[in-house]
Amino acid sequence: MFYICNTIPDENNKKKEGFLNILTIREKALEAKFHHEKLIEYKILARRNHLLGLWAAHYLHYAHEQAEAYARLFVGGVYATFEGHAIVMQIKQDFSQHTVDMSEHRIRRQLYYCHQDASEQILKE
């Protein structure tokens, strides 16, 4: 068989192209999964911080609107870290300013409970 053009139809080329397409699709799927997991993680941290802010607002004797505004301060920004050091220190400082006797250990324990609650709530959505 004689071919006029320089390219000869080859089954191996088709297989290589198919394989590369599969790799590209897999790469995009993994990237989408990574972004989804990061979004879920951020939502859990934001909900955890909001719940902890509401808990602290209760001890600070804030009214409902004040409590919501206080809790919203902790959503995002420097407070959106897994360790939660910044939020614990801020709440501890607020408690000491309002003469609320609460240990750092107890605040961190509540942070842990809020994280569990937030995870359950977000994963159910």
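Biologist: What pattern does the protein chain follow when it is read along the sequence?

Modeller: Keep in mind that this is a predicted model. Going along the sequence, the pattern is α-α-α-α. The protein chain has 4 helices and 0 strands.

Biologist: Since it's predicted, where is confidence lowest, and where is it highest?

Modeller: Look at the pLDDT scores, which give the predictor's confidence in each residue. The chain averages 88, and 86% of the residues score at least 70. Confidence is lowest in α1, with a mean of 86, and highest in α4, at 97.

Biologist: Let's take α4, then. How many residues does it have, and how far does it reach?

Modeller: Helix α4 covers residues 104–124, which makes 21 residues. From the first C-alpha to the last it reaches 30 Å, close to the 30 Å expected at 1.5 Å a residue.

Biologist: Which residues of α4 are buried?

Modeller: First, the general idea. An α-helix has 3.6 residues a turn, so residues three or four places apart point the same way. Now the case here: the buried residues of α4 are I107, Q110, L111, C114, A118, S119 and I122.

Biologist: How many residues does the largest nonpolar core have?

Modeller: In soluble globular proteins, nonpolar side chains tend to be buried together. In this model, the largest nonpolar core has 18 residues, and the ones with the most contacts inside it are L52, W55, Y70, I87, I91, F95 and I107. At least two residues of this core come from each of α1 (11–59), α2 (64–72), α3 (85–97) and α4.

Biologist: Tyrosines have rings. How many aromatic pairs does the whole structure hold?

Modeller: A search finds 7 aromatic pairs. Take Y62 and Y70: their ring centres are 5.4 Å apart and their planes sit at 70 degrees, so this pair is edge-to-face.

Biologist: Which residues is H50 in contact with, leaving aside its neighbours within four places in sequence?

Modeller: Those are E68, A71, R72 and V75. H50 is found in helix α1, and at 18% relative accessibility it counts as buried. E68 sits in helix α2 and is partly exposed, with a relative accessible area of 21%. With neighbours within four places left aside, E68 is in contact with H50 and L54. The C-alpha atoms of E68 and L54 are separated by 6.8 Å, although these residues are 14 apart along the chain.

Biologist: One last feature. Where are H61 and T99 found?

Modeller: H61 is in the loop between α1 and α2, while T99 is in the loop between α3 and α4. Now for their backbone angles. Most residues other than glycine have a negative phi, and most peptide bonds are trans. H61 has a positive phi, near 60 degrees, and is not a glycine. T99 isn't a glycine either, yet its phi is positive at about 50 degrees.

Biologist: And why does each of them count as exposed?

Modeller: The cut-off for exposed is over 50%. H61 counts as exposed because its relative accessibility is 70%, and T99 does so at 72%.

Key: Residues numbered from 1 in each chain as written. Predicted model: local features only at pLDDT ≥ 70, side-chain atom pairs only at ≥ 80, totals over all residues. Heavy atoms only, no water. Expected span 1.5 Å × (residues − 1). Buried < 20%, exposed > 50% of the residue type's maximum accessible area, 1.4 Å probe, protein only. Core = buried A, V, L, I, M, F, W, Y, C linked by side-chain atoms within 4.5 Å. pLDDT = per-residue confidence, 0-100. Phe/Tyr/Trp six-rings, centres within 6.5 Å; stacked < 30°, edge-to-face > 60°. Contact = heavy atoms within 4.5 Å.
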